[in-house]
Amino acid sequence: MKARLFTRLFPTALGAVTVLALSTSSASANSGWWYSGTSSAKGYFTSYGDRTTACDIDTDGYKALVQILSIQGSLLYRVVDNYNDGKCTSKDASYFNLQEGATYQIDVCIVKNGGRPLDCRAHRFTA
């Protein structure tokens, strides 16, 4: 009876553990690069040191803007890269330390001096 119960329940339990493992790994903190809507800017977040990077990748008169927001939409901080010079601008945990395991939003946008963010694309990630 016990062996029969085990053979019936084991596949179900194994499936639940697999689903849980996959759902946890898909919320990875390391994003890879995320882009603005027209791909004129790119941004990156990595949980090691809470490093946020903005890169202006198009000579179009705009700057790259990466914003980190709480899941409720409150702006936490911004990183701006002013020049399309092959270099990027980064800020790390010494500027703003995100809570481990919490979910945030990263917006990758373009912006002109004194203007509103444009062409934003939002992505969620777990710190």
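Author: The link of Cys109 and Cys120 is right-handed, with 115° about the S-S bond. This is a predicted model, where local features need pLDDT of at least 70, side-chain atom pairs count only at pLDDT 80 or more, and totals for chains, interfaces and linings use all residues. Residues are numbered from 1 along each chain as its sequence is written, and side-chain values use heavy atoms, leaving out hydrogens and water.
Reader: Thanks! What is the S to S distance for Cys109 and Cys120?
Author: That disulfide (a pair of cysteine sulfur atoms within 2.5 Å) has S to S at 2.0 Å. Cys109 sits in strand β7 (residues 103–111) and Cys120 in strand β8 (residues 118–126), 11 residues apart. Strands here are DSSP runs of E, at least two residues, numbered from the N terminus.
Reader: Is Cys109 buried or exposed?
Author: Buried, at 0% relative accessible area, while Cys120 is partly exposed at 39%. Buried means under 20%, exposed over 50%, and partly exposed in between, with a 1.4 Å probe and protein chains only.
Reader: Switching topic: how many disulfides are there?
Author: The count comes to 2. Cys55 is also joined to Cys88, with S to S at 1.7 Å. Cys55 lies in strand β3 (residues 51–56) and Cys88 in the loop between β5 (75–81) and β6 (89–91), 33 residues apart.
Reader: Why is the disulfide of Cys55 and Cys88 right-handed?
Author: Because the torsion about its S-S bond is about 105°.
Reader: And the accessibility there?
Author: Cys55 is buried at 2%, and Cys88 is partly exposed at 40%.
Reader: Which pattern do the disulfides follow?
Author: Counting bonded cysteines along the chain, the pattern is 1-2, 3-4.

Notes:
Helix = DSSP H or I, 4+ residues; strand = E, 2+ residues; numbered from the N terminus.
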